[in-house]
Structure formats: C-alpha cells, structure tokens
Amino acid sequence: MQAHLRVRRFDPEEPAPQPRYQDYTVEAEDYFTVLDALIKIREEEDGTLAVRCSCRSSVCGSCAMRINGHATLACKTKLTDASKGRDVVLVEPMGNMPVVKDLVTDLQSFWDKVWAVEPFLQPQGPVPEQEYLASNESMVHLTGVMNCIMCGACVSDCTVLAVDPNFLAPAALAKAYRFVADPRDGASKERLRALSQYGGIWDCTRCLECVQVCPKDVAPMDRIMTLRDKAMQAGYTSTYGARHTIAFSELLKESGRLDELRLPVMTFGIFNLPRMLSLVPVGLRALVRGKMPPIFHRAIPGVEHIRRSFRSAEAKR
Amino acid sequence: MKYAFFPGCVSRGGCSELYPSAVAVAEKLGIELDELTSASCTGAGVLQEKDQRLGDTLNARTFAMAEQKGLPIMTICSTCQGVMSQANHRLTHDPSYLAEVNQELKPEGLEYRGTVTIKHLLWILMEEIGADNLRPLITRPLTGMRVAPFYGCYILRPSWALGLEEAPERETSLERVIELVGAEPVDFPGKSLCCGFPILTINEKNSLAMVARHTGDARERGADAMVTPCPLCHLNLDGYQPKAASTHGSKPDMPILHLPQLLGLAMGLSPRVLGLQRHIVSASRLLDKVKVRA
C-alpha cells in the first residue's frame with residue numbers, strides 16, 4: 001500500500017528556524033506501524049528527519065508523538081488505522097514541551113515534575129532485617145499505574161498544562177498516587193498535603209485527555225481523582241477544590257440536584273469577602289439577562305431515596 | 001420517536017434558555033419527550049471524585065426509571081451524557097457490580113437490567129433523524145454564518161465509553177449539523193479541548209485562560225459564533241467571556257450558541273423562544289448577519 005504522511009519539521013540550526021510541514025509518500029507493508037513508515041522515510045528518502053525510538057514494541061516509551069492531533073506511541077499505531085478515512089496521516093511532535101528537532105522533544109520538564117513528587121518509597125519506623133514485605137492483595141491494585149512507561153503522551157495533551165506550566169500534570173500525579181497508595185510508604189499524609197497545593201491534584205480540569213491518550217491504560221486522571229478522595233479523607237479539606245467537592249455532594253444529598261446559587265457560596269465561604277465580591281459582576285450580568293438560577297431551589301420527587309443512598313455509601317466508607 | 005428526557009440541572013438553572021429551546025426544537029423534529037422528573041443529578045464527575053459507586057448508583061436509578069418506561073434516554077448536556085455513559089459502561093460490563101448497585105435501588109422498588117441507551121440530542125439528530133429528514137426542516141438556512149464547533153470533553157472522551165469506536169462519525173457530528181443548517185463550520189484547535197469550567201472556582205486564572213484562548217482562536221479563524229452541546233461549556237465561554245477578555249486584553253464579542261438554538265434558528269423559531277436574549281455576550285450582531293429579527 002501507499003501511505004501519505006505530513007510531518008511537522010523543525011530544525012533549530014537553520015537560520016531563522018520556523019516549523020513547517022513536509023509531505024512524504026511511503027510504499028508500506030500492511031503490517032507497518034507509523035514508526036515503521038517514519039524509519040523507512042529516514043533510511044531511504046530523507047536522512048535529515050529526526051525521530052526518537054528504541055524498542056519498537058510499546059515498552060520503552062521513546063517514540064511518543066502526536067498522530068492525527070493526539071499523542072500516542074508511533075510504534076503502537078498501525079499505519080492502516082491512522083490512514084482510515086484520511087488522505088494524509090498528520091505526524092507532529094508532542095505538545096507542552098520544547099522541540100529539539102522534528103519529532104524529538106525535550107522531556108526535561110517532564111522529568112523535573114516526576115522528580116518533584118519524590119517518586120521513591122519513604123518507609124517509616126525501624127528498618128526491617130530483610131526487605132520490606134507487602135502482600136499481593138495490598139499491591140495488586142497498583143499494577144495498572146505501574147504500567148506507566150514515562151512516554152509523556154498524557155503530558156503532551158494535558159489541557160491544563162497548556163495554560164499553566166506550573167501544573168504537575170498527569171504522569172507525575174499518577175506516579176505520586178503509586179506511592180501514596182503503596183502500603184509500605186510512610187509519607188502518604190505529607191505527600192497528600194503537598195499534592196493539595198497549587199499546581200497539584202485540584203488543578204486538574206477532568207478533561208479526560210490523559211485517560212484517552214495513555215497507551216498503557218494507566219488512566220492518570222482516575223488516579224488524580226483517587227488522590228483527591230484520599231486527600232479529603234486525610235483531612236486536607238480547606239482547599240477550594242476540596243470545599244467544592246464536599247459542597248457539591250452535600251447539596252446533591254439535600255435536594256437530588258445541583259443548587260447553583262449555593263455551590264459557590266459554600267465553596268468560598270460566605271465571609272470570604274474578596275471571593276464573594278468577585279461573584280457580584282458575574283451575578284449582576286446574569287441577573288440583567290434573566291439567566292439566574294431559581295432562588296427557591298426545589299428538591300426532586302423521591303429525594304429521600306437519594307439521601308438513603310448517600311447514608312448507605314457513607315456507612316460503607 | 002419517543003425518548004425519556006433527561007434535561008440536567010443547568011438547562012433549568014444557569015442556562016435556563018437551553019431547556020425551552022431544546023423542547024421547542026424537539027417538537028419541530030417530531031421527538032416526543034417523556035421527562036424523567038424524579039431523576040437526580042448525574043454527579044457531574046464531582047460526586048465521583050468522592051465516591052464513584054455512589055455516583056453510579058444515582059445514575060443506575062435514572063436508567064432503571066427509563067427502563068420502566070421502555071424508552072431510551074435523551075440528554076442535552078455533554079457532561080450529563082459523558083457521566084451517564086461512563087456509569088452505564090461500568091454497570092453493563094460487570095454483572096456483579098450491577099447486582100451490588102441494584103441492591104441499593106431495591107428499597108425504591110427499582111432494578112436496572114442494563115438495557116438502556118443514552119443519546120445526546122446531537123447524536124439523535126445524525127443517527128436517528130438523519131440528514132435527509134433534517135434538511136426539509138431547515139426553512140431559514142444560516143447562509144454566510146461561520147460557526148466554530150465546541151464539543152465539551154465529556155461527549156468525546158473516553159471514546160470507549162461513548163461508543164465513538166463503533167460510531168467514529170460522532171467526533172465530527174457538530175460540524176455536520178453546522179453544514180446542515182446552512183452555515184460554514186470553522187475548524188480550530190480548541191474544538192475538542194476543555195472550556196475550563198470544572199476548575200472555575202478552584203483556579204479561576206487557568207479557567208479564564210482557557211476561555212480567552214478558545215474564543216480568541218475561533219475569532220482569529222473568522223468565526224461569527226461558537227456552538228456547543230454542553231451548557232457547562234456555555235456557562236464558562238459565555239458567562240465568563242467578559243472577565244476572561246478583561247484579563248487577557250481581548251474583546252468579549254464571541255456569541256456562544258447552544259446546539260438547539262442553532263438548529264431552532266435555522267428551523268424558523270424566533271430568537272426569543274430560543275432565549276437568545278439571555279446570553280451574556282449578545283447574539284444581536286449574529287442575528288443581523290443572517291437577517292433574523294430579535
């Protein structure tokens with residue numbers, strides 16, 4: 001088969017370097033991955049094309065790049081799948097990090113963030129004579145998150161990182177979960193305190209991009225949500241994020257549906273004057289346009305069943 | 001064509017223009033709506049942060065009510081759609097989990113058997129009504145209007161819970177609707193990204209940066225308006241556009257339409273019935289462009 005690829009090129013050593021797109025046509029076998037096609041281009045057509053790869057079997061995480069707009073492993077993406085319904089396969093470097101050349105990105109900020117969550121066990125208490133023991137049952141839930149191969153795909157497509165470079169981003173937060181939830185770790189509470197700060201678990205916008213693009217099913221956002229729950233259970237409930245979740249749940253328990261007027265008041269606190277005042281212009285605009293939620297909020301019929309479900313869930317926890 | 005209607009909380013609250021416009025458009029489309037008046041909020045992904053099983057229980061209760069009516073569910077909110085689809089995916093892929101959740105529904109005399117389909121109005125338009133049946137209903141084509149689609153995260157991801165792998169055309173359904181109403185779709189990078197609403201109270205700076213970026217990108221590419229199937233995206237992109245514009249030095253001039261408003265305009269419904277006067281960013285210039293009187 002013949003495949004057409006449009007590759008984003010960038011060479012910092014050119015005078016006045018600018019990204020540009022270059023089209024290639026490849027004679028490909030049916031079994032080709034996008035990486036196979038890129039290697040063929042590099043070896044047979046254009047030796048200047050920079051591609052980073054190693055294992056070619058979705059283990060090393062070196063060849064993450066954007067294919068048709070989403071980050072993935074080029075070695076795990078079949079060329080026939082990437083070409084389906086398209087005239088040309090769009091190949092670009094990962095986002096949210098600087099490009100070294102063509103499809104090769106600089107992962108320094110990725111590693112800095114992973115390092116920032118202290119990705120190593122910090123056991124407390126006396127050192128055992130032999131190794132720290134953990135039962136299979138207490139570790140098996142971590143196998144999913146331990147699948148992470150540090151490819152950077154989730155970080156590439158993180159929508160919060162795109163507007164705020166301070167965000168720890170999905171890979172580092174999933175790594176943090178891996179240690180918070182490890183029964184041998186003794187620093188979980190301190191980790192949760194640090195993760196509740198600006199740039200941590202509460203800054204995730206729940207856009208599900210990282211869950212969608214992760215090539216190893218780590219589901220980083222799900223780990224972040226579990227960290228939020230663990231942080232609240234550990235008593236870190238004063239952040240706006242935790243207050244919002246707790247207020248939302250309480251209001252839902254009370255009436256069975258969202259009370260949009262009370263939610264921000266409960267999140268910020270009625271005596272939090274600066275934040276309450278910041279709501280005034282938005283509220284006034286909404287009032288003028290007849291866009292205000294009803295002042296008298298009504299519960300749904302059968303709300304007692306919702307409340308019972310809440311009580312039952314609370315008892316189980 | 002009859003659906004158990006799940007309007008969601010915001011379509012009767014902060015975006016109270018959405019509910020009547022969706023009902024008016026459904027009537028034009030010949031969709032009979034049987035509203036699930038006792039259904040609860042889906043949890044919106046927020047309750048699920050604390051307790052996913054409780055969220056799934058509340059949604060299973062809604063599914064059981066639709067099942068009792070023998071009807072599929074229609075949503076008009078990307079977030080409701082996504083949260084319900086995820087819950088349904090978990091419940092229908094794990095019989096023992098479904099049995100446990102059903103134990104919670106027993107006192108109310110409800111049981112979910114796992115047979116309900118949940119479809120956003122956007123998907124119903126393309127998959128159940130179809131372009132050929134929709135075309136004759138477009139009595140006021142929005143010729144000359146350039147519209148940027150904005151999907152909302154939860155109607156796109158995760159693809160396996162939303163049936164996008166079986167129906168990949170759902171990923172471009174909004175562009176097809178824009179074409180069908182006679183307008184021109186404007187492609188822009190933000191169309192499948194986050195509007196920033198979920199972190200509005202948590203990190204307003206980042207949330208507003210997203211609003212400014214998406215409305216700015218759409219404007220730069222020549223869009224006259226954006227259209228969204230998600231009222232939460234609408235709340236942020238419309239309601240917070242003035243604040244985002246003032247912090248980012250841009251103009252708050254990008255009208256944000258709900259999906260039923262775009263359809264309703266092209267079907268000849270009056271802007272007042274569609275609640276277009278209720279937007280924070282005025283849609284009047286947009287109406288002038290397609291020569292519709294407010």
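The largest nonpolar core here has 184 residues, a nonpolar core being a set of buried Ala, Val, Leu, Ile, Met, Phe, Trp, Tyr and Cys residues joined through C-beta atoms within 7 Å. Buried means that 20 or more other C-beta atoms lie within 10 Å of the residue's own, with C-beta atoms placed from the backbone. A:Val34, A:Leu173, B:Val147, B:Met226 and B:Val227 have the most contacts inside this core. Its top contributor is helix H7 (residues 169-180) of chain A, with 9 residues; helices are DSSP runs of H or I, at least four residues, numbered from the N terminus.

This is a predicted model, where local features need pLDDT of at least 70, side-chain atom pairs count only at pLDDT 80 or more, and totals for chains, interfaces and linings use all residues. Residues are numbered from 1 along each chain as its sequence is written, while chains are lettered from A and ligands numbered from 1 in the order written.

Leaving out residues up to four places away in sequence, A:Leu173 touches A:Leu168, A:Ile201, A:Pro220, A:Arg223, A:Ile224 and A:Leu227. Contact means C-beta atoms, placed from the backbone, within 7 Å.

Chain A splits into domain 1 (2-105), domain 2 (108-233) and domain 3 (240-316), with bounds from an automatic or database domain assignment. The C-alpha centres of domains 2 and 3 of chain A sit 30 Å apart.

Note on methods. Buried ≥ 20, exposed ≤ 12 C-beta atoms within 10 Å, placed from the backbone. Helix = DSSP H or I, 4+ residues; strand = E, 2+ residues; numbered from the N terminus. Contact = placed C-beta atoms within 7 Å.
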